[in-house]
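Hello,

Here is the structure I promised to pass on to you. Have a look at it first, and then read my notes below with the picture open beside you.

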Amino acid sequence: MNASVLVINCGSSSIKYALIETDPQAPRLDGIAERLGSAEAQLKGNDSAGERFIKSLPGADHAEAISAILDSLEGRRPSAVGHRIVHGGEHFTEAALIDERVIAAIETTAALAPLHNPANLIGVAATQKVFPSLPQVAVFDTAFHQTLPPRAYRYALPEALYRDHGIRRYGFHGTSHAFVSQRAGELSDRGAGGWLTAHLGNGCSTSAVWQHQSLDTSMGLTPLEGLVMGTRSGDVDPGLHAHLHRQLGWSLDEIDQVLNKQSGLLGLSGLTNDMREIEQAAEQGHAGASLAVEVFCYRIAKSLAGLSCALPTLDGVIFTGGIGENSPQVRRRVIQLMPHFGFALDDAANDATVRGREGALDRDGHRGPEVWVIPTDEEARIALETRHCLETQA
């Protein structure tokens with residue numbers, strides 16, 4: 001399908017957007033409408049010349065923001081709209097053309113992603129209002145991980161909790177893991193094979209991908225499970241909730257707030273959730289920052305090592321996301337913590353690979369598992385899945 005796709009990622013008070021053409025060399029128009037519903041609402045983006053712009057949208061709602069986004073597209077009208085939907089539950093194993101049935105299914109899954117799915121649906125409604133004649137496609141973060149086998153997605157809980165309430169591991173960041181593993185198969189002589197992918201940003205997750213299919217991943221029922229993240233704790237003892245309630249009198253909402261908003265790199269360092277600032281503070285001898293880096297890297301290596309059990313063979317590891325792409329120190333520490341896997345990191349190549357560069361980081365002549373940095377492009381993946389969905393519907 002030869003079509004430009006407007007990719008929409010809608011939050012409760014923001015809309016990220018990108019117009020993706022079929023020609024990968026075409027200038028990308030993208031940006032964000034933020035602080036919607038307030039007097040400070042504004043649209044920030046890039047034009048076709050690569051210049052940044054800011055437009056005030058005082059009091060704008062989501063539909064008005066979508067109209068402003070349309071005006072910013074310089075007359076380039078999309079042929080379809082692809083929506084990022086965080087949680088598809090077990091309803092969706094691939095992208096779906098949005099109709100009333102699909103919307104109802106997304107609504108039933110809202111309990112599994114109460115901060116995301118309702119906001120995503122607001123974006124769908126607003127976009128349908130502005131583009132009533134355009135096909136709209138839902139692309140799910142969880143769909144890529146629907147190939148997990150039961151041994152990977154089931155919790156050791158009573159059967160009824162899974163059967164009646166859908167309590168299982170779903171995984172997230174699917175569009176990112178799909179994009180970088182697909183790209184590795186194109187770049188590496190090893191092809192599709194078996195890849196460990198590490199999406200490291202403010203949210204972090206790992207995945208084991210075999211022949212373009214996810215066989216296991218670090219996130220679970222919610223995006224809180226797994227790695228240490230910017231403000232999320234990642235894995236903790238399941239008994240922690242009861243302990244904090246009994247000892248400190250905290251409510252479930254208070255505990256949830258602490259684990260999601262006050263923990264992770266922020267909680268460990270006592271400073272910030274920004275890895276760049278944490279690395280600087282660690283270099284200056286800040287104990288909390290040093291601990292945050294150590295715990296962060298150890299948990300990544302531990303997760304990757306565990307996920308290797310899912311792969312028939314290991315062809316390499318891929319780092320992506322803001323931290324994965326821009327922190328040579330994190331990549332080096334993670335690889336050093338996995339000495340049994342036969343990686344051979346080229347320190348000079350590792351130190352030189354920042355700010356969106358793509359490439360292998362192995363020493364010359366190395367024949368063991370490879371190390372790659374591949375900048376993720378979730379918008380491109382959403383556009384690709386949107387086009388594929390429409391082609392199959394034609």
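Tyrosine 153 is buried, with a relative accessible area of 13%. Please keep in mind that this is a predicted model. Tyrosine 162 is buried as well, at 17%, and both values fall under the 20% that marks a buried residue. The structure holds three aromatic pairs, and these two tyrosines make one of them: the ring centres of tyrosine 153 and tyrosine 162 are 6.0 Å apart and the planes stand at 40°, so the pair is tilted.

Now compare a second pair. How are the rings of phenylalanine 92 and phenylalanine 140 arranged? Their centres are 4.3 Å apart and their planes are at 10°, so this pair is stacked. Phenylalanine 92 sits in the loop between β6 and β7, while phenylalanine 140 belongs to strand β8, so the pair ties together parts that are 48 residues apart in sequence. Both of these phenylalanines are buried.

Next, the charged side chains. Side chains of opposite charge can pair when their charged atoms come close. The structure holds 18 salt bridges, and I picked out a few for you.

Glutamate 21 forms one with arginine 76, where the closest N and O atoms are 3.0 Å apart. This pair links distant parts of the chain: glutamate 21 is in the loop between β2 and β3, arginine 76 is in the loop between α1 and β6, and 55 residues separate them. Glutamate 21 counts as partly exposed, at 23% relative accessibility.

Arginine 169 and glutamate 225 form another salt bridge, with 3.1 Å between the closest N and O atoms. Arginine 169 lies in the loop between α5 and α6, and glutamate 225 in the loop between β11 and α7, so the pair ties together parts that are 56 residues apart in sequence. Is arginine 169 buried or exposed? Arginine 169 is buried, with a relative accessible area of 9%, whereas glutamate 225 is partly exposed at 22%.

Arginine 183 and glutamate 186 meet in a salt bridge of 3.1 Å, N to O. Both lie in helix α6, three residues apart, which is about one turn of the helix. An α-helix has 3.6 residues a turn, so residues three or four places apart point the same way. Arginine 183 is partly exposed, with a relative accessible area of 26%. Going back to arginine 169, salt bridges that share partners join Arg169, Asp216 and Glu225 into one network.

Then there are the sheets. Strands of a sheet pair through backbone hydrogen bonds, either parallel or antiparallel. Six strands form an open sheet in the order β11-β10-β9-β12-β14-β13, with mixed pairing. The strands β11 (213-217) and β13 (359-360) stand at the edges with a single partner strand each, so one side of each is left without a neighbour in the sheet. Inside this sheet, β12 (residues 316-320) and β14 (residues 370-373) run parallel and are joined by four bridges. To find the place, look for glycine 316, which stands opposite glutamate 370 in β14. Helix α13 (residues 328-336) lies across β9, β12 and β14, and runs at about 155° to β12.

Strand β4 (residues 42-46) is worth a visit too. Four of its five residues are buried. On one side, four bridges join β4 to strand β3 (residues 29-34), and these two run antiparallel. On the other, five bridges join β4 to strand β5 (residues 52-56), again antiparallel. Leucine 43 shows both pairings, being the bridge partner of alanine 33 and standing opposite lysine 55 in β5. β4 and β5 form a hairpin with five residues between them, and glycine 50 in the turn has a positive phi of about 85°.

Finally, please look at helix α15 (residues 378-393). This helix has 16 residues and reaches 23 Å from its first C-alpha to its last, close to the 22 Å expected. Which residues of α15 are buried? They are Arg381, Ile382, Ala383, Glu385, Thr386, Arg387, Cys389 and Leu390. These buried residues pack against β1, β2, β6, β7, β8 and α6.

Enjoy exploring!

Best wishes

Terms used: Residues numbered from 1 in each chain as written. Predicted model: local features only at pLDDT ≥ 70, side-chain atom pairs only at ≥ 80, totals over all residues. Heavy atoms only, no water. Pairing = 2+ DSSP bridges. Contact = heavy atoms within 4.5 Å. Axes fitted to C-alpha atoms, helices over the stretch in contact; angles between N-to-C directions. Buried < 20%, exposed > 50% of the residue type's maximum accessible area, 1.4 Å probe, protein only. Salt bridge = Lys/Arg side-chain N within 4 Å of Asp/Glu carboxyl O. Expected span 1.5 Å × (residues − 1). Phe/Tyr/Trp six-rings, centres within 6.5 Å; stacked < 30°, edge-to-face > 60°.
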